[in-house]
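Dear colleague,

Please find below the structure that I am handing over to you.

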Amino acid sequence: MCSYNRVNEVYACENPRTVVVMETGNPVMMPWLDSVGAVMEAWYPGSGGGAAIARLLYGKVAPAGHLPMTFPASPVQLAHPDIAGVTATNVFEMQFHTDQELVYDEGSEVGYRWFDRTHAKPLFPFGYGLTYTSFAHDGLRVRHHGDDVIATFTVRNTGTRPGVDVPQVYVRLPDGGGRRLAGWRHVTLAPGESRELSVTLEPRVLAHFDEKHDRWSMPSGTYRVWLGSSATDESQQATIHLGGRKMAP
């Protein structure tokens, strides 16, 4: 006799090829991950969600989404793992017996930048996503044309089905900090097809905001650039030296 109070019990008792479809609005912990065959994050898909999910699960269409946030492996990896007032049992306790002030002392190093800065390995990184085929990225080159910084590379569908890839370009400034998403492309390729793509990097991602002078300031130095399928992919790297400049807000 099997009970189905937990995902891993379904796996052990009924079907080792269980697919978990999650309808959530935020990252969740997945202590059962190793006990299932696959996970699909559907978010809150609305009234047409059931049909859309079925088409994905049965392979009528291929998934093309990539995570817009990081799924931590543990709450301790977060910059602020404790939520003020989470243990309160009534409004009085919430207002007077908890510290409701939350100081974001990590500055702009939030989300995937925080994980990169602290060298923490997430459960699923920002930008991660699978489909029913596979892709290879190659030939990353970075150049500047006037004030523009342009990354050029080749994407190839190495699988047996058509699919959508979302190659992402990240950059780290000369003075350090977490890597930053500076641009991406969305490309549909047939099996075996390859295409050369270019991404113009967002200039303000290459800069810091100077509050004193109310403008953006791009530091002079060597910038490291990554091309990958998520915020933790380090398979393609390049560097470029840029001179400093100022930009209006």
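Predicted model: local features only at pLDDT ≥ 70, side-chain atom pairs only at ≥ 80, totals over all residues.

Residues are numbered from 1 along each chain as its sequence is written, and side-chain values use heavy atoms, with hydrogens and water left out.

Salt bridges

A salt bridge is taken here as a side-chain nitrogen of Lys or Arg within 4 Å of a carboxyl oxygen of Asp or Glu. The count under this rule is six salt bridges. Helices (H or I, at least four residues) and strands (E, at least two) are DSSP runs, numbered from the N terminus. For accessibility, buried means under 20% relative accessible area, exposed means over 50%, and partly exposed lies in between (1.4 Å probe, protein chains only).

Asp 116 and Arg 179 form one of these bridges, with their closest N and O atoms 3.0 Å apart. This pair joins distant parts of the chain: Asp 116 belongs to helix α4 (residues 112–118) and Arg 179 to strand β7 (residues 176–184), 63 residues apart. Both Asp 116 and Arg 179 are buried; Arg 179 counts as such because its relative accessibility is 2%.

Arg 179 also meets Glu 234 in a salt bridge (2.8 Å, N to O). Glu 234 lies in the loop between β12 (221–228) and β13 (236–242), so this pair ties strand β7 to a part 55 residues apart in sequence. Glu 234 is partly exposed, at 47% relative accessibility. Asp 116, Arg 172, Arg 179 and Glu 234 are linked in a network of salt bridges.

A further bridge joins the side chains of Asp 147 and Arg 245 (3.9 Å, N to O). Here too distant parts of the chain are linked: Asp 147 is in the loop between β3 (135–145) and β4 (148–157), and Arg 245 is in strand β14, 98 residues apart. Asp 147 is exposed, at 54% relative accessible area, whereas Arg 245 is partly exposed, at 23%.

Aromatic contacts

Rings of Phe, Tyr and Trp (its six-membered ring) pair if their centres lie within 6.5 Å; planes under 30 degrees apart count as stacked, over 60 as edge-to-face and the rest as tilted. The structure holds five aromatic pairs. Among them, Phe 124 and Tyr 128 are tilted, at 5.3 Å centre to centre and 35° between the planes. Phe 209 and Trp 216 form an edge-to-face pair, at 5.2 Å and 70°. Phe 209 is partly exposed, at 37% relative accessible area, and Trp 216 is likewise partly exposed, at 21%. Tyr 112, Phe 126 and Tyr 170 form one aromatic cluster.

The β10-β11-β14 sheet

Three strands form an open, antiparallel sheet in the order β10-β11-β14, where two strands pair if DSSP finds at least two bridges between them. Its edge strands, β10 (208–210) and β14 (245–247), each pair on one side only. Strand β11 (residues 215–218) pairs with β10 over three bridges, and His 208 has Ser 217 in β11 as its bridge partner.

Yours sincerely
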